[in-house]
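Have the viewer open as you read.

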Amino acid sequence: MRPRRREAWEGYAFAAPWIGGFLMLTAGPMLFSIWLSFHRWNVLQPAHYVGAFNYVYAAHDPRFWTALTNTAAYALVGVPLGQVVALGLAVLLNQQVRGQGFFRTVFYLPSVIAGVATAMVWTLLLHPDAGAVNLVLRGLHLPEKSMPGWFTSPSWWPPGAMPGLILMSVWGTGAAMIIYLAGLQNVPQDLVEAAEIDGATAPQRFRHLTIPMLTPTIFFNVVMGIIGSFQVFTSSYVVSNGTGGPADATLTYVLYLYKHAFEQFHMGYAAALAWIMFAILMSITLLVFKSSGRWVYYEGVQRR
Amino acid sequence: MSAGVREGGWRRRRRFRQGAAYALLVLGSAAYLTPFLWMVSASLKQYETVFDFPPTLLPKQVKTVRLHDQVLKLATYSPPGGKPARVAVLKADAGLLTMEALSGPRKGQTVKAPQAAVKYDTMITPRWRNYPEAWTTMPFNRFLLNTLIITVLGIVGTVLSTSFVAYSFARLRWPGRDVLFVVVMATLMLPSQVTLIPQYVIYRTLGWIDTFLPLIVPAWLGGSAVYIFLLRQFFMTIPVELDEAARIDGASSFTVWTRVMLPLSKPILATVAVFSFVALWNDFMGPLIYLNSTKNLTLAVGLRVFQGTYGTYMHLLMAVATVALVPVVIIFFVAQKQFVRSIVLTGIKG
């Protein structure tokens, strides 16, 4: 066998790209970012130590709260809605219908290609007059005053910009659907058949068998969904021409952070915003993890 | 007998369920495909018809005719109780149209009728010229080239560096390895925004702003932790005996990596490659922050600049958007299996 020490050296050598990248692009920057968040710095002039000012300032910054509530609303409405749609599609796909592969492709495609181009398509699709969505709604003879204004209006009802963004996010939940489909295919078929023989109806089987068996998958998708929602940037940037408008309705957290950092060069404040976001995300994730003991069912793990 | 009846009922229920599922899937996929249809349709419309109300799916244009040295719109007039006649519209005035009949008993005469009785004759006229027109409005060839350079170099870097690193975590024994692997996994939880600003400052200090380096170099330094995880898991399924045999033949770790691990991991390497392709191709924030001059923009940012400058030319915008989507859609169809499998393994999103 090779000498141990040689193998250790090789081990470090092979891991070196990651170790170097981690130190230079993650660990170092994290420390620097903490330092920055206690300073005022516009890149050009020397940094000034300002203590916790940036954090205190955020608490008194109305646009910070707008961005935070916008993002929270986006996650709070978008994640459950997206999960329901994704799970619904997965259940439908799991019915062994003909053309399953085709349908799966159609529902999955948007999540893979989502970017600037698709966000632009949505601005046209949700155009109040020329868009396909309002065309369908007009076909249903909806009263003109409850016709959505989408990205031209800051309101929630009739649906304005934020509901528009949420609709876009629901269109992009294909990845979650694929994960649900895999989860559904792991539900033991003999359990389903046993329940069927015992006279459980399809809704009962879904409620008391499929859903509990899927809870680990739901848990995973919800956590990923929340993290993804908090990082939304491209779609809010594109639909609002980079402004977060109308009336700050699409000003999401990362867009606000971006504007401070790269439009106004408030590097210290932007760093503080990043850490506040990190703290919020961590707390939410921990909260979901903590609650998971009560609703996530793991096979083979005894409940106490 | 009763068993047979129950069996039949069960089968009927099942068939009904499948039928209902099928109907919902057809409706759902129509809804999911609408954005694409709408995009392509708008990309073939005229400037004047993109914002038509009510909108139409097909790029239509009203037929015209040259009459009395004028270009007039063609229409069909259906008089109450009479036969429909072909007309040329001379004047449209607050819902009242003045027309000249081109067929029927009143041929050659001037007719007046309310708008409701007249339907314009349209023809489907895809305006293919939108594509070259849009593409040359801004240096999109350049943007495409830039995107390709970044994407290709990024993919190569990601595949090489992540498999290199994953080999170390999967096969070599060294002090601190398991602790560092936990760190690798922990970086997955870190939102990239936390390191965004310091990274910008670092690249700025290095003079890398407005170059492709900030977009490519990270890929060569271990890329994304998800890929390291994915590859490590895969490497661990390769029998150790294969490395041992190679070692007995005098192979070094590097040779084991190139001759044993990489050839046996082609499917998973392909997965990493397609995922990094999509991530690099779709990346918006990175190029937006790091690239400034027009000649350096990528397609994603170029599209956004195009939207900012020529946003009202929706037909041109949609033409470029269509072209920008084509490569990703092709990759998606070619590598669909890779996508589906790895998303199940790791839950990474495209």
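## Where the chains meet

The contact draws 76 residues from chain B and 71 residues from chain A. On chain B's side, helix α1 (residues 2-43) gives the largest share, with 15 residues. Sorted by class, the side of chain B that touches chain A comes out at 52 nonpolar, 18 polar and 6 charged residues. Keep in mind that this is a predicted model.

## A helix pair across the interface

For a closer look at the contact, take helix α13 (residues 267-295) of chain A and helix α5 (residues 193-205) of chain B: their axes come within 8 Å and cross at roughly 155°. Anything over 145 degrees counts as roughly antiparallel, so that is how α13(A) runs relative to α5(B). The crossing of these two, α13(A) and α5(B), is left-handed.

Who does the touching here? From α13(A) it's Met267(A), Ala270(A), Ala271(A), Ala274(A), Trp275(A), Met277(A) and Phe278(A), and they meet Gln193(B), Val194(B), Leu196(B) and Ile197(B) of α5(B). In class terms, the contact of α13(A) with α5(B) has 10 nonpolar residues, 1 polar and no charged ones.

## Chain B as a whole

Chain B carries 14 helices and 8 strands. Along its principal axes, the C-alpha trace of chain B spans about 100 × 80 × 35 Å.

Of the 350 residues in chain B, 39% are buried. Among contacts in chain B with a separation of 6 or more, 65% are between residues 24 or more positions apart.

## A helix pair inside chain B

Now for a pair within one chain. Helix α3 (residues 140-171) of chain B and helix α7 (residues 225-235) of chain B have axes that come within 8 Å and cross at roughly 50°. That angle makes α3(B) oblique to α7(B), and the crossing of α3(B) with α7(B) is right-handed.

On the α3(B) side, the contact is made by Thr158(B), Thr162(B), Ser163(B), Val165(B), Ala166(B), Tyr167(B), Phe169(B), Ala170(B) and Arg171(B). Facing them from α7(B) are Tyr227(B), Ile228(B), Leu231(B), Arg232(B) and Phe235(B). The contact of α3(B) with α7(B) splits into 9 nonpolar, 3 polar and 2 charged residues.

Chain A has a couple of cis peptide bonds to check. One joins Trp157(A) and Pro158(A), with omega about -10°; Pro158(A) lies in the loop between α6 (132-139) and α7 (161-171) of chain A. Another runs from Gly245(A) to Pro246(A), with omega near 0°, and Pro246(A) is in the loop between α11 (234-239) and α12 (253-263) of chain A.

That loop between α11 and α12 of chain A also holds Asn241(A), which has a positive phi of about 55° despite not being a glycine. Asn241(A) counts as partly exposed because it has 14 other C-beta atoms within 10 Å. Over in chain B, Asp69(B) has a positive phi too, near 60°, and is likewise not a glycine. Asp69(B) sits in the loop between β2 (64-67) and β3 (70-77) of chain B. With 5 C-beta neighbours inside 10 Å, Asp69(B) is exposed.

Definitions and conventions: Residues are numbered from 1 along each chain as its sequence is written. Chains are lettered from A and ligands numbered from 1 in the order in which they are written. This is a predicted model: local features need pLDDT of at least 70, side-chain atom pairs count only at pLDDT 80 or more; totals for chains, interfaces and linings use all residues. Helices (H or I, at least four residues) and strands (E, at least two) are DSSP runs, numbered from the N terminus. A residue is buried if 20 or more other C-beta atoms lie within 10 Å of its own, exposed if 12 or fewer, and partly exposed in between; C-beta atoms are placed from the backbone. Two residues are in contact if their C-beta atoms, placed from the backbone, lie within 7 Å. Ala, Val, Leu, Ile, Met, Phe, Trp, Tyr, Cys and Pro count as nonpolar, Asp, Glu, Lys and Arg as charged, and the others, Gly among them, as polar. Axes are lines fitted to C-alpha atoms, for helices over the stretch in contact, and angles run from 0 to 180 degrees between N-to-C directions. Angles under 35 degrees count as roughly parallel, over 145 as roughly antiparallel, 65 to 115 as roughly perpendicular and the rest as oblique. A crossing is left-handed if the near helix is turned anticlockwise from the far one by less than a right angle, and right-handed if clockwise.
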